[in-house]
Amino acid sequence: MSTVGELACSYAVMILEDEGIAITSDKIATLVKAAGVEIESYWPMLFAKMAEKRNVTDLIMNVGAGGGGGGAPVSAAAPAAGGGAAAAAPAKEEKKDEPAEESDGDLGFGLFD
């Protein structure tokens, strides 16, 4: 049931933030009760404390902005057009030598031997 409580409080916080109403535990509990959702009494207080310390709009806007791995390397910029400059030669891709995968035949026995 805690998942329902978290979700209901999350929606209540977003509603209050969207309407520009101060986020308090009483207002969260009132919205959740009006929605007909039964939650544990501590959820509104936890969400109200979170809203005091963090900007809810920033949290919503940066949901997918977590740290990620590096992307693909950026290729060299295209040469500038115009002038009598010769076009730059395309960059050569380096092939990495990967070791060949060993097959089961290399082990000297098989599954049904």
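Reply: Begin with the surface. Accessible area is computed by the Shrake-Rupley method with a 1.4 Å probe. Here the accessible surface of the protein is about 9800 Å², and 56% of that belongs to carbon and sulfur atoms. Keep in mind that this is a predicted model.

Me: What is the mean pLDDT of the protein, and in which helix is confidence lowest?

Reply: pLDDT is the predictor's confidence in each residue, on a scale from 0 to 100. The mean for the protein is 75, with 56% of its residues at 70 or more. Confidence is highest in H2, at a mean of 94, and lowest in H4, at 80.

Me: How many helices and strands does the protein have?

Reply: There are four helices and zero strands. Along the sequence, the pattern reads α-α-α-α.

Me: Are Val4 and Glu52 partly exposed or exposed?

Reply: A residue counts as exposed over 50% relative accessible area, as buried under 20%, and as partly exposed in between. Val4, in helix H1, has 45% relative accessibility and so counts as partly exposed. Glu52, in helix H3, counts as exposed because its relative accessibility is 65%.

Me: Which residues does Glu6 touch, beyond those up to four places away in sequence?

Reply: Glu6 touches Trp43 and Phe47. Trp43 is 37 residues from Glu6 along the chain, yet their C-alpha atoms are separated by 6.8 Å. Glu6 belongs to helix H1, and with a relative accessible area of 35% it is partly exposed.

Me: What is the idea behind a nonpolar core?

Reply: In soluble globular proteins, nonpolar side chains tend to be buried together. In this protein, the largest nonpolar core has 13 residues, and those with the most contacts inside it are Cys9, Val13, Ile23, Ile28, Val32, Phe47 and Val56. Two or more residues of this core come from each of H1, helix H2 (25–34) and helix H3 (42–53). H1 gives the most, with five residues. As for burial in general, 13% of the 113 residues of the protein count as buried.

Me: Which residues is Val56 in contact with, leaving aside neighbours within four places in sequence?

Reply: Val56 is in contact with Val13, Glu17, Ile23 and Ala51.

Me: Which residues form the nonpolar patch on the surface?

Reply: The patch consists of Leu7, Tyr11, Met14, Ile15, Ile60 and Met61, which together have about 600 Å² of accessible area. Helix H1 (2–19) and helix H4 (56–61) each supply at least two of its residues. The largest share comes from H1, with four residues.

Notes:
Residues are numbered from 1 along each chain as its sequence is written. Side-chain values use heavy atoms; hydrogens and water are left out. Patches are made of residues with over 30% relative accessible area and no salt bridge: like charges are joined within 9 Å, nonpolar side chains (Val, Leu, Ile, Met, Phe, Trp, Tyr) within 5 Å. A salt bridge is a side-chain nitrogen of Lys or Arg within 4 Å of a carboxyl oxygen of Asp or Glu. A nonpolar core is a set of buried Ala, Val, Leu, Ile, Met, Phe, Trp, Tyr and Cys residues joined through side-chain atoms within 4.5 Å. Buried means under 20% relative accessible area, exposed over 50%, partly exposed in between (1.4 Å probe, protein chains only). Contact means heavy atoms within 4.5 Å.
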